[in-house]
Amino acid sequence: MGKLWFGGTIYTMHGPGETVEAVFTQQGQIVDTGTKEYLENLYKSQITDKHNLKGHVMYPGFTDSHLHIIGHGERLLQLDLAYAKSPEEVLELIQRKSEELPEEQWLIGEGFNENSWNDSRIIHRYELDEICPDRPVMLTRICRHAIIANTKAMEIAGITAQTPEPDGGIIDRDQQGELTGFFKDTAQELIKSHIPEVTTGYLEKAIHAAVEDLVRHGIVGGHSEDLNYYGGFKRTYDSFARTIDGERHKFRANLLVHNGVIEEMDENHLSFSQGTDWIELGAMKIFADGAFGGRTAWLSEPYADQSDEYGVQIYSEEHMKQLMKKAREREMPVAVHAIGDQAVEMVMDMIEQFPPSEGVRDRIIHAQLVNPALIERMSALNIIVDIQPTFVASDFPWVLERIGEERMPYAYPWKSFLEAGIACAGGSDAPIEEIDPLKGISAAVNRISTLNGQVYGEQQCLTPFEAVSLYTTGAAYAIGKENEQGKIEPGFTADFTVLDKDLFSINSKEIPNAKVQQTIIDETVVYERRE
């Protein structure tokens, strides 16, 4: 039978300020909208449940367009270093964690960020050795484009001073030529490939923890990239299918397929857009460069604070062509991680050479430094840009040291994208940033640094409607579901996010203080706030 939702402000996201008084849903779909009286009279015999919103505000369900679901679950389960304020605090946390673990078990820490420390040096492996001489230790940088490993971990991996750097990776050395234990981009795999394979039980536990946290934050779905890192495509895909099954969890997961597991996808007789009622396979994920934090984002001009450094090109042009061919042979879109302007230009070149088939939508993930000429090319190619608004809150002011003031007009140019007619979706890149979409919406609207409270790139601020659209209509468009997700209108999924505040009328500085009252997926209340 059906459910009637009423008693609050209900934004359809069809256009700015457009609301309806009530919504009638049935079998997981929105059947009709209108006044409460109209719907009650028309569907009287079918309404079995009435949900009074009690003055709260309903939006289409928020979707995170770029995250790592298992990685977010791991951050919740493992040693979280994201809030450490100094290298000394990191080392203290490692000492405590080591005392809790069985002997010889790997100690893995998630999310350190030296740019938030007063002393922004990178911890040396010898410092880890003092605490854990016999236990392998690996610390993942918040951007997930670099790690620190201790000597024991390096010994297990067989890494010595003679180990060659892999293509697209850097093995760091200090002034004396000693290996520091710092590995960037593809060099990380020299260590990661030797970490014992996690169990399927662990994967399911991480997915469960992540989804529980996501729905608490009003998120009904996510576009996630996990399938290349946990023992192969099949066991990871199967872990998602068992955990997000409509019974243990209702959640709409679109799983990007890393180019490294495309053949495994084929072997399992799966292809783009296939899956279950709750998970589906998305675009081919490719990395074109690194990140600003480790100076591995690929730039057309050198870094302002290191004049001989341009960043890292993960794949050669020829290799990228082969990856593009793999995607097009399978009629798959590509979703390419490209932060620096040179990386974005390379992606443009590739898409122009290997255009998608009709209806297939490519996207660039991040695009944090993009000049007007590139924006014009992106618009002409109908590229979708997947942005992470909280990066502007956490990256400034330190990112200015990397790119310099003269490139500031081209940094995180979200308003310019929209004004050029480029479709944009919004995500968190969790666990790199916090999962909370309200912080993302606030960052898109206010562009206030959490480090010093200043506004950066004010001309690129979005309106609240534009910012919420990133997580609703924009996220749906990115995966070709603009006619079934992201709006409150007949024929769309009955997925809603209910807040205690109206994001379109409150002071924009108050957006992060709004509270999620309910998260509804498939007509089911999967989270409800307890007062």
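R141 is buried at a relative accessible area of 3%, and E114 is buried at 5%; buried means under 20%, exposed over 50% and partly exposed in between, with a 1.4 Å probe and protein chains only. The model is predicted, so local features need pLDDT of at least 70 and side-chain atom pairs pLDDT 80 or more, while totals for chains, interfaces and linings use all residues. Residues are numbered from 1 along each chain as its sequence is written, and side-chain values use heavy atoms, without hydrogens and water.

R141 and E114 form a salt bridge, defined as a side-chain nitrogen of Lys or Arg within 4 Å of a carboxyl oxygen of Asp or Glu. R141 lies in strand 11 and E114 in the loop between strand 10 and helix 4, so the pair ties together parts 27 residues apart in sequence. Helices (H or I, at least four residues) and strands (E, at least two) are DSSP runs, numbered from the N terminus.

The whole structure holds 34 salt bridges, including these:

| Pair | Closest N and O atoms |
|---|---|
| R141 and E114 | 3.0 Å |
| R235 and E197 | 3.8 Å |
| E482 and R361 | 2.8 Å |

R235 is buried at 18%, whereas E197 is exposed at 57%. E482 is partly exposed at 22%, and R361 is partly exposed at 22%.

Eight strands form an open parallel sheet in the order 8-15-16-17-18-19-20-21; two strands pair if DSSP finds at least two bridges between them. Strands 8 and 21 stand at the edges with a single partner strand each, so one side of each has no neighbour in the sheet. Five bridges join strand 16 to strand 17, where L255 stands opposite L281.
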